[in-house]
Amino acid sequence: NDCLDALISSPAPASALFIGKALANFGLLMAVELIGLPVFGLFYGAWAKQMGWMIAVLAATTWGLTVVGTMFSALTVNLRLRELMLPTLVYPMMIPALMAAMTVTTNLLSGEPLSAANLFWIQFLVGFDVIFTALSVAFVDIVLVG
């Protein structure tokens with residue numbers, strides 16, 4: 001219904017539209033994850049002794065995946081083969097964040113204390129989030145307007 005055209009023609013800056021959409025996606029994903037995490041722990045008996053770090057890693061990874069997914073969905077919204085192009089573009093970009101999250105959560109769920117290698121992966125996640133958020137906010141005008 002040409003909703004994207006109406007949003008682009010509104011006086012709101014494109015970066016505000018992007019951040020709003022990313023925050024909405026982040027909230028939805030975090031709600032699903034916070035519901036699924038206790039269920040996972042109940043069924044598999046995998047309770048992290050360091051639940052604070054687990055939630056921090058979960059939030060950092062979710063934000064990174066949300067920013068990448070929101071940006072590339074805005075990029076492919078007007079393409080004819082968007083159902084094919086979106087996963088083709090997004091999945092390779094998500095691999096570093098997923099790899100870091102899997103490495104840290106494996107160690108957290110096994111009950112091991114945080115080591116220097118785990119702290120590197122947490123710093124990597126934070127860096128991933130900062131870089132992709134900054135790039136997305138900087139280039140969202142070009143992506144939306146074309």
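Start with D129: setting aside neighbours within four places in sequence, D129 is in contact (heavy atoms within 4.5 Å) with A60, W63 and G64. Keep in mind that this is a predicted model, where local features need pLDDT of at least 70, side-chain atom pairs count only at pLDDT 80 or more, and totals for chains, interfaces and linings use all residues. Residues are numbered from 1 along each chain as its sequence is written, and side-chain values use heavy atoms, with hydrogens and water left out.

D129 sits in helix α5, residues 116-145. Helices here are DSSP runs (H or I, at least four residues), strands are E runs of at least two, and both are numbered from the N terminus. Is D129 buried or exposed? D129 is buried, yet has no salt bridge. Buried means under 20% relative accessible area, exposed means over 50%, and partly exposed is in between, using a 1.4 Å probe and protein chains only. The nearest side chain of opposite charge, K21, is 19 Å away; Lys and Arg count as positive, Asp and Glu as negative, while His and the chain ends are not counted.

So where does a salt bridge turn up? The term covers a side-chain nitrogen of Lys or Arg within 4 Å of a carboxyl oxygen of Asp or Glu. The structure holds one: R82 pairs with E83, and their closest N and O atoms are 4.0 Å apart. R82 is partly exposed at 37% relative accessible area, and E83 counts as exposed at 60%.

Now for the helices. Two packed helices are described by the angle between their axes and the distance between the axes. Axes are lines fitted to C-alpha atoms, for helices over the stretch in contact, and angles run from 0 to 180 degrees between N-to-C directions.

| Helix pair | Angle | Axis distance |
|---|---|---|
| α3 (residues 51-76) and α4 (residues 82-109) | about 170° | 9 Å |
| α2 (residues 14-44) and α5 | roughly 110° | within 8 Å |

That makes α2 roughly perpendicular to α5, whereas α3 and α4 are roughly antiparallel. The cut-offs are under 35 degrees for roughly parallel, over 145 for roughly antiparallel, 65 to 115 for roughly perpendicular, and oblique for the rest. A14, S15, F18 and I19 in α2 meet S136, V137, V140, D141 and L144 in α5.

Zooming out, the chain has five helices and zero strands. Buried residues make up 30% of its 146 residues.
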